[in-house]
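Visitor: I am new to this structure. Please take me through one part of it, the surroundings of the ligand, in some detail.

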Amino acid sequence: MTRPVVCTTVEQMRDTLDTHVSRGVSSVGLFPTMGALHEGHLRIARTARDENDLVVVSVFVNPLQFGPNEDFDSYPRQLERDIAALADCGVDVVFAPSTEQMYPGGVPVISVTSGRAGSLLEGATRPGHFDGALTVVNKLFMIIQPGPGIAFRAYFGEKDAQQLLLMQRMVRDFNHRVHIRPVPIVRSDEGLALSSRNQYLSADDAAHALVLNRTLRAVAAGELTLEQGRSAIDGEPGVRLDYLVTVDPDTLAETSPRAGALALAAAWVGPTRLIDNMKI
Ligand code: AMP
């Protein structure tokens, strides 16, 4: 497979996009990532490949979405391996800017705030996380948006359900000319939602982490109440529950575990924080 064009500056990215637009592409797919790509990411890249003339994958570990005590410094970075994997998926362009390119002069003065929906659940434990994620994706939309007459799609995994909802909200609120394409969660054979952070798990941790998926399935099937589910997660060796809730998938308002609701879970497995969710 051909190596994708790798753009490391905003100018290169825009020039590359303009070249493809002038050649007459009719659709552009953008898939924003933080790299350390696994099969879940690659599945999304292949979906974008199937649906668009031009596919851009961004790889940027966004400092704005990490809290001061989080894993920004240790987050896995493996750009060359990612580029090779994306080449196999037929991706055309990898946008891998430096922090200085994305935030010249440091933290941006004008940024996106995520409001109440961004302060719940993930946002309660990770204050500022969604403001950071929305701010960088807002910039990616401004940089990569291909202009009138060309379909623009942006791909987000359902694994990060709250993030997906907030991205959809931002597109509505800012009138971005982009169509958000949600992609289902990709799991290991045992059921663990694939995550770049799974690299941090020891073999024991990985086995204990399965409690998340197991419990979500039991809650979704009505075999466990939420309270029982919380005890199951917290009772697993090495696992500490953050939250297990069922919410309205459109508003994130807590609801009973009924059909149509979304069950969401977050827990620390050893030092690693994992999330998962399941539709009921
Ligand atoms: P990240 O690089 O972890 O920020 O993730 C980039 C995108 O890939 C986000 O939209 C995630 O929701 C999505 N993603 C990550 N892991 C998975 C997975 N196991 N299944 C589906 N989508 C995923």
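Guide: A word on classes comes before the details: Ala, Val, Leu, Ile, Met, Phe, Trp, Tyr, Cys and Pro count as nonpolar, Asp, Glu, Lys and Arg as charged, and the others, Gly among them, as polar. By that division, the shell around the ligand holds 10 nonpolar, five polar and two charged residues. The model is predicted. In it, the ligand is surrounded by 17 residues, and Met34, Gly157, Asp160, Val186 and Leu194 are the closest.

Three of these residues can be described atom by atom. Asp160 has an N or O atom in its side chain 2.6 Å from an oxygen atom of the ligand. Met34 takes part through its backbone, where an N or O atom lies 2.9 Å from an oxygen atom of the ligand. Leu194 also has a backbone N or O atom to consider, and this one is 2.8 Å from a nitrogen atom of the ligand. Taken on its own, the ligand has 490 Å² of accessible area, and the protein covers 93% of it.

The shell can also be followed by element. Strand E2 (27-33), helix H2 (39-51) and strand E5 (151-157) each give two or more residues to the shell. The contribution of E2 is the largest, at three residues.

To put the pieces together: the ligand has a shell of 17 residues, E2 supplies three of them, and the side chain of Asp160 reaches an oxygen atom of the ligand with an N or O atom at 2.6 Å.

Technical notes. Residues are numbered from 1 along each chain as its sequence is written. This is a predicted model: local features need pLDDT of at least 70, side-chain atom pairs count only at pLDDT 80 or more; totals for chains, interfaces and linings use all residues. Side-chain values use heavy atoms; hydrogens and water are left out. A residue is near a molecule or strand if one of its heavy atoms lies within 4 Å of it. A polar contact is a pair of N or O atoms within 3.5 Å; within protein, one must be able to donate a hydrogen and the other to accept it, and residues adjacent in sequence count only if both atoms are side-chain atoms. Accessible areas come from the Shrake-Rupley method with a 1.4 Å probe; for residues, only the protein chains shown count as cover. Helices (H or I, at least four residues) and strands (E, at least two) are DSSP runs, numbered from the N terminus.
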